[in-house]
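The report below follows a helix and its partner first, then the ligand site, and then a few loop residues.

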Amino acid sequence: MDDSLTSVTLSNGLHMPSVGLGTWQSPKDEVRVAVRAALDAGYRHIDTVYTDLNEDAIGEVLQEYIKSGKVKREELFIVTKLPMIHMEPTLVKGSIEMSLKKLQLDYVDLYLIHFPVQFAYEGPVTEAGLLKVAEKTDLTGTWKAMEELVDLGLTKSLGVSNFNISQIERICKIAKHKPVINQVECHIYLPQNELFDACKKLGLAVTAYAPLGSPGRIKQLIEKDDPVVLEDPVIRKIAKRYSKSTAHILLRNLLQRGIIVIPKSVTPHRIRSNIQVFDFSLTKEEMDEIAGIKTKTRFFWRFGKQLFRSPRATLVKNCSIKTKVGLKFSLTYLYMYYNC
Ligand code: NAP
């Protein structure tokens with residue numbers, strides 16, 4: 001077992017397990033099975049978000065394991081996120097309290113601002129809620145409200161998600177409690193080298209979402225002829241060499257780059273398998289070969305950008321999508337986090 005890669009030391013001194021369970025789009029009955037399988041397989045890091053509406057099911061399983069003594073709270077690393085509708089500073093504390101109640105925890109280990117774009121608050125998130133972009137996003141104001149959560153003991157650390165370099169710099173300039181993580185889409189077709197280097201200089205580690213290329217992503221994020229990360233020929237060749245799955249090679253590649261991974265699965269045998277990445281290592285030549293893969297693409301939120309550039313751009317303001325869990329998301333300006 002390669003111990004040096006099993007966790008990452010964050011800039012605040014906490015150790016974050018480098019393989020976590022992703023839970024996006026995992027319905028409650030399936031996420032219960034998934035979290036049990038993950039904890040039994042040795043995962044101690046679970047990634048969730050209020051807007052997935054499955055925090056309560058995750059909380060039930062965490063309590064079951066803590067109460068039975070199978071795990072101790074302090075061994076767990078639980079991550080959740082501030083939804084875009086709660087970025088107004090006065091709403092931030094109430095938002096984490098809602099998550100904590102559902103998770104049945106006194107604190108989370110890491111609380112992230114989910115996106116650098118604020119939605120207008122029109123009441124609590126409900127199955128039927130329609131979300132609209134707010135007139136203004138005040139990232140530093142939101143950050144100041146996030147810092148109080150650390151002082152109150154509601155989270156051990158703070159971070160961001162889907163932030164670009166200039167947005168992180170803005171936060172770092174005013175931060176008393178610095179962000180320790182930026183969680184972004186990252187895989188062989190979107191290696192995020194520049195962002196990773198900038199985060200490192202600013203003291204942030206990177207968590208890769210969609211590390212397997214998110215094959216189960218919502219249909220609005222799928223385009224005809226999208227390349228399939230799990231079927232990349234270079235990855236297949238290396239997987240065969242080690243008698244490993246392509247998922248193992250993809251995850252191991254990110255871990256060897258110093259990146260934390262949160263592969264999502266609701267399938268127990270895949271969950272057990274995805275953490276079996278510490279019994280082999282890739283050579284420098286293999287890492288270089290993977291870095292040299294020419295295919296490059298972004299799967300998440302590129303559709304907002306495309307719509308905005310289209311002649312029908314003015315219609316985008318009213319465009320919304322309904323996700324699997326029943327929330328409607330307005331797409332307007334989502335693309336802005338790459339540009340502002
Ligand atoms: P992903 O982890 O790259 O891919 C998940 C998909 O791969 C699921 O459809 C899963 O299917 C399948 N899968 C899992 N293990 C596999 C294996 N060994 N072989 C073949 N297929 C496998 O993508 P993701 O869910 O988009 O991203 C991971 C996590 O990142 C999310 O769950 C969420 O926690 C987080 N995330 C964060 C953001 C953000 O904005 N911060 C955005 C997206 C995601 P089954 O479940 O059917 O097994």
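## Helix α5 and its surroundings

At the start of α5, a side-chain oxygen of asparagine 164 comes to within 3.2 Å of the backbone nitrogen of serine 166, a polar contact in the sense of a pair of N or O atoms within 3.5 Å, where within protein one must be able to donate a hydrogen and the other to accept it, and residues adjacent in sequence count only if both atoms are side-chain atoms. This is a predicted model, in which local features need pLDDT of at least 70 and side-chain atom pairs count only at pLDDT 80 or more, while totals for chains, interfaces and linings use all residues. Residues are numbered from 1 along each chain as its sequence is written, and side-chain values use heavy atoms, with hydrogens and water left out.

Helices (H or I, at least four residues) and strands (E, at least two) are DSSP runs numbered from the N terminus, and the protein chain has eleven helices and 13 strands. Of its 340 residues, 55% count as buried, where buried means under 20% relative accessible area, exposed over 50%, and partly exposed in between, with a 1.4 Å probe and protein chains only.

In helix α5 (residues 165-174), the buried residues are Gln167, Ile168, Ile171 and Cys172. Seen down the axis of α5, these buried residues fall within an arc of 135°, so they line one face of the helix; the arc is that of the directions from the helix axis to the C-beta atoms. The buried residues of α5 pack against α4 (139-151), β8 (155-161), β9 (181-185) and α6 (193-202), with contact meaning heavy atoms within 4.5 Å.

## Helix α6

The buried residues in α6 include Leu195, Phe196, Ala198 and Cys199. Viewed down the axis of α6, its buried residues fall within an arc of 165°, so they too line one face of the helix, whereas Glu194, Lys200 and Lys201 are exposed on the other side. The cover over the buried residues of α6 includes α5, β9 and β10. Just after α6, glycine 203 takes a positive phi of about 90°.

## The ligand site

The ligand is surrounded by 29 residues, and the closest are Asp47, Ser214, Lys264, Ser265 and Thr267; a residue counts as near if one of its heavy atoms lies within 4 Å. By class, this shell has 13 nonpolar, twelve polar and four charged residues, where Ala, Val, Leu, Ile, Met, Phe, Trp, Tyr, Cys and Pro count as nonpolar, Asp, Glu, Lys and Arg as charged, and the others, Gly among them, as polar.

| Residue | Ligand atom | Distance |
|---|---|---|
| Aspartate 47 | oxygen | 2.8 Å |
| Asparagine 162 | oxygen | 2.9 Å |
| Asparagine 274 | nitrogen | 2.9 Å |

Taken alone, the ligand exposes 910 Å², and the protein buries 88% of that; accessible areas come from the Shrake-Rupley method with a 1.4 Å probe, and for residues only the protein chains shown count as cover.

## Threonine 23 and other loop residues

Threonine 23 lies in the loop between β3 (21-22) and α1 (28-41) and is buried, with a relative accessible area of 2%. Leaving aside neighbours within four places in sequence, the contacts of threonine 23 include Val31, Ile46, Asp47, Asn54 and Lys264.

Glutamine 25 is placed in the loop between β3 and α1, where its phi is near 60°, a positive value in a residue other than glycine, and glutamine 25 is buried at 11% relative accessible area. Alanine 210, in the loop between β10 (205-209) and α7 (233-242), has a phi near 55°, likewise positive in a residue other than glycine. Most residues other than glycine have a negative phi.
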